[in-house]
Amino acid sequence: MSSTDNPGSGEQQATPPIAETPDATAAEVEQTSTAVTPEAGTAAAPTPADAALADPTADAPASPAVPRPTPHPVPPSPAVVAPAVAPEAPAGDPAQWGRVDADGTVYVRTAEGERAVGSWQAGDAEAGLAHFGRRYDDLATEVSLLEARLKAHTGNPAEIKNKAQALADQIPTAAAVGDLEGLAARARAMVGTADSAAAESRAEKQAARAAQIAKKEALAAEAEQIAAESTAWKAAGDRLKAIVEEWKTIRGIDRKTDEALWSRFAAARDAFGRRRGAHFAQLDAQRGEARAAKQELIKEAQRLSTSTDWGATSAAMRSLMDRWKAVPRTGRDGDDDLWKQFRAAQDVFFNARGEQDKARNAEEQANQKAKEEILAEAEQLDPAKDLRGAQNALRKLQDRYDAIGHVPRAVMRQLEDRMQAVEQKVRGAADAGRVRTAPENPMVVSMRAAVTKAEEQLAKAEAAGDARRIAEAQANLATRREWLAEAEKSAGRR
């Protein structure tokens with residue numbers, strides 16, 4: 001793989017020449033290149049530190065600008081017409097670094113004093129300062145661009161160094177108004193730091209190559225871990241494919257190192273392929289064993305499918321289902337076919353049991369009707385008129401009532417409550433003429449009898465091994481015990 005290219009190499013940025021006033025002659029330019037001293041009638045020039053611009057983000061007020069002598073009014077030349085729109089102001093404040101005298105000569109203040117940089121006859125003094133301030137801004141922009149390129153390492157450091165040296169030589173004598181000494185110092189600073197910047201650039205490139213190598217080393221290590229440990233065959237295979245695509249995007253590594261890393265990855269991928277192949281070969285053998293085991297379960301289910309021993313066979317069928325779930329799959333298609341055969345055998349039994357349940361439900365509904373008829377007859381008894389006759393009739397009715405089989409669970413409590421009410425009415429009439437201790441609450445007695453009966457039903461269900469009846473009996477017993485507890489609480493409050 002190819003090494004990374006040197007970014008920004010071969011870039012050229014020419015240093016713009018220092019502009020001169022269009023109206024100035026060669027003699028005027030030469031004349032204005034000499035410094036003007038305070039003795040020549042101008043104010044003493046401040047040092048650049050004295051005239052430093054204020055930080056626009058700071059809260060403190062800006063340093064006051066150096067006062068500028070008021071020029072004598074000069075009548076405008078008829079040939080010179082002021083522009084209708086003032087030129088755009090420069091980024092800095094040229095008034096802090098220069099002035100325009102009455103005859104239009106433009107001066108810049110330096111550490112050595114004032115220096116004439118040109119002549120302005122195209123408008124007022126502020127427009128002249130703005131014009132030469134923009135020349136300074138152009139130079140400052142060029143310095144800033146070079147500084148940014150040097151800091152970002154986006155260019156040839158040697159070329160930037162040469163341009164910075166040219167600017168450092170050019171700026172002190174430039175026909176511009178601004179902090180020329182400070183700007184030249186920035187250019188000279190770049191000359192001094194260009195070599196270190198070049199070293200940093202080389203270090204960054206080396207670091208970038210090391211980072212790319214580290215990425216591929218991490219991918220190779222991940223592939224080796226997958227090859228040694230992973231059993232998520234589909235996900236791991238997909239990840240190895242993704243690593244290949246990610247590998248292609250990592251560049252900037254020498255060929256020898258890249259080939260060594262690729263050899264590591266390729267070896268890991270091959271090892272994973274061999275281990276996956278061995279796994280699926282073993283899986284095929286296990287599937288053959290699983291198929292044989294499930295075929296035996298199917299045969300056993302088919303033998304039980306015609307049984308009418310509903311409780312025991314239901315438990316056996318559930319056991320077969322648990323054993324089926326414990327056997328590994330034989331593959332999607334083969335397992336589905338075996339499951340259909342197994343389920344069909346179970347359906348034969350459970351459908352027959354369902355039909356039997358329907359018949360039992362019909363029988364229970366008939367039993368309900370018969371018990372309701374007996375209850376209606378019992379509720380007509382009047383122990384107040386003939387207590388002994390009512391007692392004898394009730395016993396006979398109770399025997400007939402108990403001889404009738406099961407009724408639907410939903411009406412069981414209602415029927416029992418009605419019979420308990422008749423019993424309490426007859427018992428209450430018998431006890432009315434005798435002095436006794438306060439009788440126990442009839443509701444409590446009824447609830448206790450219901451709990452006893454529910455316990456007997458649960459015992460019968462458990463003996464039959466019918467899971468459904470056991471669950472129903474347990475729920476019924478829990479409900480009746482709750483009712484008994486509430487009845488006892490209610491009786492205790494009376």
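Predicted model: local features only at pLDDT ≥ 70, side-chain atom pairs only at ≥ 80, totals over all residues.
Let's start with the total: the model holds 10 aromatic pairs. One of them is Trp233 with Phe272, a tilted pair with 5.7 Å between the ring centres and 40° between the planes. Have a look at where these two sit along the chain. Trp233 belongs to helix 5, residues 233-249, while Phe272 belongs to helix 6, residues 255-304, so this pair links distant parts of the chain, 39 residues apart. Both Trp233 and Phe272 are buried.

Now back to my opening pair. The ring centres of Trp324 and Phe342 are 4.5 Å apart and their planes meet at 20°, so this pair counts as stacked. Because Trp324 lies in helix 7, residues 310-326, and Phe342 in helix 8, residues 332-379, the pair ties together parts that are 18 residues apart in sequence.

Last topic: charges over rings. Lys371 lies over the face of Tyr401, 4.4 Å from the ring centre. Then there is Arg413, whose charged end sits over the ring of Trp483, 3.3 Å from the centre of that ring.

That's my tour, friends. I'm happy to go back to any of these rings with you.

Methods:
Residues numbered from 1 in each chain as written. Heavy atoms only, no water. Phe/Tyr/Trp six-rings, centres within 6.5 Å; stacked < 30°, edge-to-face > 60°. Helix = DSSP H or I, 4+ residues; strand = E, 2+ residues; numbered from the N terminus. Buried < 20%, exposed > 50% of the residue type's maximum accessible area, 1.4 Å probe, protein only. Lys NZ or Arg CZ within 6 Å of the ring centre and 35° of its normal.
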